[in-house]
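Please prepare a short briefing on the structure below, grouped by topic and with the cut-offs stated.

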Amino acid sequence: MKTTNTTGGIGSLNRRSFLKASGASALAATIVPGLMTGTANAAYSGTLDMLAWDFQPDTIKSLVGEWTAAGNPAVNVAVIPNLGYTPALQTRLRGGDKIDLYYNFAYNSQKFINEGWAKTLNGLPGVNDMIADMFESARGRHVNAAGDIISAPYFSAVHMLHYNEKYLADAGLAVPTNLKEIYDASKALSTTTPAPYVAYWVKEFCEEYLHTYLLNEGITAFDTAGQPVFADDPKTVGVFEWWQTMYQEGLAPKSLLTDDPGKLSNEMAQGNAAFYVLHHYFLTSIRSLEGPQSANVRTAPAGPTTLQIGEVLQMGQSDSEDERAAAWDLMKYYGWKNTDGKFKVFNQWAKAAGLAAPYAGFFTDPEVIASFPDYYDLAMLSDTFATKSNVVPARTLPWYPDFQAKVGDIVHALLLGQATPGKTVEDLTAAVKGAHGGRTL
Amino acid sequence: MMLLAVLLAVPTVLTAVYSLHDVPASGSSFGPFVGIENYTIIFSSPVFWRSVQVTLTFSIGFVVLSTLIGLAMAMLLNQRFIGRGLARALLIIPWATPWLVIGILWKWFADGSVGGLNAVLLMLGLSDTYHPFLSDPNTALPITVIAAVWRQASFAGILLLAGLQSLPEELYEAAQLDGANWWQRFTNITLPWLKPVLITVTVFNVIYAFLQFDVVFAMTQGGPGDTTQVLSVLIYRQLFVNTNIGLGSALAVILGVVALVGGLMIVKMFYRREAL
C-alpha cells in the first residue's frame, strides 16, 4: 500500500485499480474541465524555476510568459541543449539546484523519483482527472506499478511506417502491415530504389526500434516485473533475423548506423527511400522539405501494436507548499490544459512539429485539428494511440537506462553480422539481468 | 595555492574516494564502502578491455598524426611565400573551433550519402561509390581520428611555428655553407631546436588523445557497435546514463592514470634521447 492521502483520492491503490478508477472518472473530467485545470495561484509570490531542452526555446518562453501574464507567478525558464540534457540536469540536481519543474526523458522518471530529485504528483488537485483524461495506453508511462503518479506529459508520439504511395502503386504493391511484408516490398522496390527502407538505427535509438519491431510481431518484451519475457517467445529470433537481413542485404542503407533523422526525412523527400519508420511527426519534416517525393509520402496504419513514446514533465523540489501548488498549476497548463480547458501548449507543439498529446480529447479539439496539416490522418493517429500502441511500462523502471544504454551495442553487432539472432537474444537477456543487478559496464 | 587545491586537488581526491564506494546517484553521501570492487568489475569486463583497445588505437593515431602534421604545417608556414600571413591566420581557425562543432562538421563531411569527403574522393578518382565511413567498422575509428587531428594539428602547428620563428637563420646558412642537405639540416638543426616545444606539444597531444570525448560522441556516439567506444564515452555512460557514480569514477581514475603515465613516458623518452 504505497500511497495514502485524503485530498487526491488515490488512496491505497495498485496500478490496475487506479487505472480502472481513472477511466470511470474520465467522463466527469470531460464535463467539468474548469475543475481539473486549477486557476491562477495567488498564494505564491516568488519566481518558479523551469528547465527545458532547446526545442523551440522562444516558444517555450512565450507559452510560459502567457501563463504568467494570466496572473500566475513569474517563471525563470532555463533552456539547455537536448544533447547532454540529462548530464546537465543531473549535475544541477546533484549540486542542490532547486528546479520546480523540468522536462525529462520518460526512462529517467522513476529513477529521479527514487533519487529524490523529483516528487510524485499524488494528491495534487486534479491530478487524477489528468490521468483519467489520458488514453489508457499512455497511463503506464505516468503511473508506476505502485499507483504513484510520477510525471505529466510533455509530448507523445507513436512509431509509424511512412511510405511513398507512388512508389508502391507503380510497383503494384500493397501497403505492408508486418515485417515480412516490409521485407518483400523492400526487395521488390530495390530494383529501382536500391536501399528503400530507412530508420533511425543509431545506438541511442535502437532500443525504441527493439520494442517497435517486437510489438509489430505481437511480442511483449517485459512482464510487469520487468523480466525479459521476449527471450521466451520463439518469434523473437525471427524479428532479429529480419532486422539483420534488412541491413545485410542492403535493403536499408549502410550509413543508417550513424545517420541523423533529418537526413532520413530528406531521403524520403528526395525519393531515395520508400519506407521510413520513426515517430509519426516525422511526416511533417518530410512534407515540409518539399522534395520531389514529399507529397507522395503517407503514414501507414500501425500493425497489431506499435511503440508509443513520450517525454515527460517532472516536479522538482519546491521550498513550500505554495510554491509546489504554483508549480503544479504550471505543470497542468504545460502538460494538460489551460484554465479554459484548452490544449493550449500541446496545440502549439502540434502546429510547430506535429507533436501529439496522449489525450483522447486532443484529437477531437477543433483547434488542434486545424493545427495539423491535411496530410495527417488524425482519426488513424488517435486510434493508434487508443488501441494499437503500448508504452512498455518497464521503460520507466529505475534500472532501465542501464539496459537501454547497452541495446545499441548489441543491436549494432547483430546488424554488422558480428552476432547471430540467437546470440542477440542471449546478449539482450544478459543485459537486462545485468541492469537489474546494478553496477555493470 | 588555495585556488589550486579547490580546483584540482579536491575533485581529484573526491573522484578517487568515490571510486571506492557505491555512490548513490543523488550524491547525498559516499554510500557504502566497496573497496576495490568497482575496479574488479571494470577489469573483469570485456567491455572495458575492448574500450582500452579502441582508446589506445585512437590515441596512437591522434598523437602521431597531430604531431607530424603540426610540424609539417609549422615548417611550411615558416617559409617565405605570398599569402603567408593569411595562411597563418587560417591555421588558427580549427584550433579556435570547439571540439563538439568539429565533430558535427566532420559528421556531415564524412556522411555516406551527401558528405563532401565522398565527393572529393569521387572527383579524384579514388573511389567509384559513396562510402558510409562512419557506419563501417573498418573506417569509423580512422575518420574520428582524422577529425580530431584536424583541430589538434593546428594547435601543434601554432606552437611549433612559434618555436621555429625563434630559430636563428645563421644556423641554416652555416649548415648550407658546410654542404648540409635538407634532411641533415632538419635532423641536426630544426629538430633539436624544437625539442622543448615538441615535448610540450606531444604531452598535450597525449592528454587530449586519452580524454577525447566530444568529437567521438558527436560523430558516432561510440558506434557502430563498440567500434569507437573510447574510455571517455564509457565514463559518460556510467556517470550520466547509468548513474553509477562509483564505477564511473573508477573508470575516470584509470583513464587519468593512463593519461598521466602516457604523458610522463613521452617526457622521459625525449629526455633519455637527449641524455644519449
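**Briefing: aromatic pairs, strand pairing and surface**

Over all chains, the structure holds 63 aromatic pairs; rings of Phe, Tyr and Trp (its six-membered ring) pair if their centres lie within 6.5 Å, with planes under 30 degrees apart counted as stacked, over 60 as edge-to-face and the rest as tilted. This is a predicted model, in which local features need pLDDT of at least 70 and side-chain atom pairs count only at pLDDT 80 or more, while totals for chains, interfaces and linings use all residues. Residues are numbered from 1 along each chain as its sequence is written, chains are lettered from A and ligands numbered from 1 in the order in which they are written, and side-chain values use heavy atoms, with hydrogens and water left out.

**Aromatic rings and charges**

- One of the pairs is A:F363 with A:F385, which is tilted, at 5.4 Å centre to centre and 40 degrees between the planes.
- This pair links distant parts of the chain, 22 residues apart: A:F363 is in helix 16 (residues 360–364) of chain A and A:F385 in helix 18 (residues 378–387) of chain A. Helices (H or I, at least four residues) and strands (E, at least two) are DSSP runs, numbered from the N terminus.
- A:F363 is buried at 5% relative accessibility, and A:F385 is buried at 0%. Buried means under 20% relative accessible area, exposed over 50%, and partly exposed in between (1.4 Å probe, protein chains only).
- A:K254 lies over the face of A:Y247, 4.5 Å from the ring centre. In chain B, B:R151 lies over the face of B:W99, at 4.5 Å from the ring centre. The criterion is NZ of Lys or CZ of Arg within 6 Å of the ring centre and within 35 degrees of the ring normal.

**Strand 8 of chain A**

- Ten of the ten residues of strand 8 (residues 306–315) of chain A are buried, so this strand is largely enclosed by the rest of the structure.
- Strand 3 (residues 101–104) of chain A pairs with strand 8 in the antiparallel sense over four bridges; two strands pair if DSSP finds at least two bridges between them. A:N104 has A:V312 in strand 8 as its bridge partner.
- Strand 4 (residues 152–164) of chain A runs antiparallel to strand 8 and is joined to it by six bridges. Here A:A157 is partnered by A:I309.
- Strand 9 (residues 389–390) of chain A runs parallel to strand 8, with two bridges between them. A:T306 has A:S389 as its bridge partner.

**Exposed helix residue**

- B:M2 is found in helix 1 (residues 2–18) of chain B and is exposed, with a relative accessible area of 66%.
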